[in-house]
Amino acid sequence: MMNKRFSEILEELRTLQFDYTNNISKEDLLLLECFILLLRKEDLLTEVTNLKSDFQYSEVIKRLVKVSYNEELVDVFNNYLYKVIESTKNLYLGYLINIFSKIEDDFIEQNGAQLFEYLLNDHYSNKNDRSNALQPIELTEVMNHFVPKNKMISYFNPFAGSGSLAIGLQEHIDYLGQEIVPANYSIGKMRLLAHNRPTNFQFSQQDSIKYITKYDVYDFVAFNPPFNLKIKSKDYGHYVHSSPYFNKNNANAFIISECFFKLKDKGEMVFVIPSSFLFSSNSKDKALKQLLVDNGHIKTIIALPSNVLGFSSISVNIIVLSKNKSNNAKVKFIDGTDMYLPKAKSQKIIDSKRIIDLIDSNIENEFVRRVLVDEIIENDYNLSVNRYLLKDLDLDNAELKKLVSLRNLLTPVVREKTMDKKGKFIKIGDLSGEKLDYIKIFENLEVRDLRSDSNALKQDALLLSLAYADLKPTFFSKSNEKIYYPYNNMLACTVKTDKVDIEYLIIELYKDYISKQLESKKVGTSIQRISRKDILEIQIVLPNLKDQKRKVKLYKEVFIAAKKRELELQQEVLGLKDDTFKEFASMKHTFRQYLNDLKSNVIGTRKFILKNNDNPITLDMIYSKNLDISFKNHLLSLENTIDSMSKILTDFDSIKEDSVSEVVDLEVIVKEAQNRTKNSKIFLFDKTFIDIEILDDMPETKNYAIPPHARFNKEDFYSVFSNIVSNAINHGFIENENNIIRTSITPDYKKKNWIIAIENNGKPFPKDFTFEHLKTRGEKTVNSNGNGIGGNDIFELLKKNNANYVLEKNNNSDFTVKYLITIPFIESTELTF
């Protein structure tokens, strides 16, 4: 019955919002509803219910707050709410007060706090508002599980947001929360009032960056900070420059260190941090990790499931620190990446009970391991949980007994500095990637300027990629020409053929049990890497040479049979293609994408006008909070889409080699592409993630433009983006709900490329649908509504802009389809401002 009453109240509020205009934003409306609820909880609305419609409700509320004698309520009102109330239409305010006044006294007394949470969750779970979000209650449960029980302690919560960590704490704890954003602070303050938190629970509007450098100390510190925050020296110079862990481009280490120093001698700290910090080799991050590890301050590290935060999709971890130094300490690593409830698709819900059980347990298993500090030091202070918890390799006992490390089978080629300036150079893309067609002499390589890490191949060697998901094992057969490879991106080794057959070795390196070992040792977010040391620790099943050759023979027989069938299918595919039809179909396909985008945006415009029909509409009004665009920019995007359609009709042959490229800001054109293709009825865009790490050991990038700029034809990019979105709509989002497309822009400093990743959480491609099918004009999946043209257009448009793309399929992830577009860096001299 309680849930039913909640729903009834919410339905009244949403009906009011639909029937009457209120003149305020959705965020401010949430604040207003919560504040009126607090007034009802304080029994202050009795007088208002008897007023007539011509009364100024805002003035009455001011008077009620003034005589309430509740200093906290007065502070919330004076800080922010008075502006909201003055901006709200009087009639709407009156109806809103009436809804809360009618709620039964018993219900308010027993369920007032739950109703407050119900309003918050309804607002933040609204798929049209993903710019901000509540901290999941399950995450709060796990973090506060480390709070000492039944002890009088001081608890400091910087970057407190809406005060989630304060909810549920024992009342004897002296809690101090800080939040700088006025709206978030107001929500947090009211939330503590709704939950009847005692006066020793303080919630202040302060800048935590400035405060954490002061001398106050606490028994317990907990926080979920702004990730990878950039700090402007002009704002915080005198606060931060004295710290050895300060990095203006990423404040993670600085925030962690300063909060740690606010602990008392026996204090503890719990915080959430992105996975990138755990394996970061940045000098500031590594120095802090070394301090914490060497002195035994780290107690526990918990890897959480991906996509558990409503405001970010990046993977995060919980770290627990103790101010006590400890000799011979062990760190408890917990793998909770698969511990979530099967309730939601777009955002995973942490199974807090399972994780807390592992925290409390002294048993080690496949999810928990205690690791000595010496082992972490041997791993160069890499704190990634997957490094220390290897998944079951699915090998039988006989195979496990035959495991041998690659170190015993391979001898790395020694690095020799070359004096040559030019030469034939192997890139990772030149490696084979085929189990049987693995031998290459690289005779067709172009002569090019050699990189600083170029190393000569002077003998036959096995080449293994150190970057990306696959090793791409390739055997180099020496020729008369001098060939070079990138020492930092590839491992070249001679093979001990008296122990291992080369063909057997290649085939084994593609197997799942090898992939599982790689997964535990690779680091990186968008571009994964493995060290030379780690790759030599990979183990393969090694029977005797006779059995190795027998297994290779059997594999070849199966492979040849499958290859014959594949060739037959390709012959059928090639026979169906007609060159003349291709160009017309491509134009028609692109034009249809623009029409669909235009239709969706026109519908959105109509809804926007109807929604605001009682208010003056200005160009500066926010049209889409999700994409952070104004009504003016939305109209400009419509105009640009029409211009693009006109250009297609003018220039029938839209895919030519002569389109003019220009220097573009990738963040800007991605945002414009999202604006053109948005369709909130079918899907939402996640906020674009831009990850630019300034790597100290990458001096060769200093002449390149590191901000996300590249050379690309804008119309070509919009067409590429539209095709990718269309593929998601036509194939992935059929019969699905809570559909999300997320985009990230990251640099590949080694290959000097920008990587634009566009992924969606729709239906996966069929297992037998490959990247080659996608690139082939006319190929489509069985259940697709498309025409099989878009993938080829993407390929051709990227190709003429000196770019490329690959398709990644991961059926074990919520985001099953990922397009990875690579665009070359440009020289910094090409940037003009």
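Which residue stands opposite Phe685 in β29? The residue is Ile741.

## Model and conventions

This is a predicted model, in which local features need pLDDT of at least 70, side-chain atom pairs count only at pLDDT 80 or more, and totals for chains, interfaces and linings use all residues. Residues are numbered from 1 along each chain as its sequence is written, and side-chain values use heavy atoms, with hydrogens and water left out.

## Overall composition

The protein has 27 helices and 32 strands; these are DSSP runs numbered from the N terminus, with helices being H or I of at least four residues and strands E of at least two. Of its 833 residues, 52% are buried, where buried means under 20% relative accessible area, exposed over 50%, and partly exposed in between (1.4 Å probe, protein chains only).

The accessible surface of the protein is about 40100 Å², and carbon and sulfur atoms hold 50% of that area. Accessible areas come from the Shrake-Rupley method with a 1.4 Å probe, and for residues only the protein chains shown count as cover. Among contacts with a separation of 6 or more, 75% are between residues 24 or more positions apart; a contact means heavy atoms within 4.5 Å.

## The nine-stranded sheet

An open sheet of nine strands runs in the order β3-β2-β1-β4-β5-β7-β6-β8-β11, and its pairing is mixed. Its edge strands, β3 (201–204) and β11 (368–372), each pair on one side only. On average, neighbouring strands of this sheet are turned by 15° against each other, direction ignored. Two strands count as paired if DSSP finds at least two bridges between them. Strands β6 (residues 298–303) and β8 (residues 330–335) pair in the parallel sense over four bridges, with Ile301 opposite Phe333 in β8.

Helix α8 (residues 182–194) packs on the sheet and touches β2 (174–178) and β3, its direction making about 165° with that of β3. Helix α14 (residues 352–360) lies across β6, β8 and β11 and runs at about 160° to β8. For these angles, axes are lines fitted to C-alpha atoms, for helices over the stretch in contact, and the values run from 0 to 180 degrees between N-to-C directions.

Nine of the nine residues of strand β29 (residues 740–748) are buried, so the strand is largely enclosed by the rest of the structure. Ile740, Arg742, Ser744, Thr746 and Asp748 point one way, while Ile741, Thr743, Ile745 and Pro747 point the other way.

Strand β26 (residues 684–685) runs parallel to β29 and is joined to it by two bridges. Strand β27 (residues 689–690) also pairs with β29 in the parallel sense over two bridges, and Ile690 has Ile745 as its bridge partner. Strand β30 (residues 753–760) runs antiparallel to β29, with eight bridges between them; here Thr746 stands opposite Ile755. The hairpin of β29 and β30 has four residues between the strands, and Lys752 takes a positive phi near 60°.

## A buried helix

Helix α11 (residues 252–260) is largely enclosed by the rest of the structure, because nine of its nine residues are buried. They are Asn252, Ala253, Phe254, Ile255, Ile256, Ser257, Glu258, Cys259 and Phe260.
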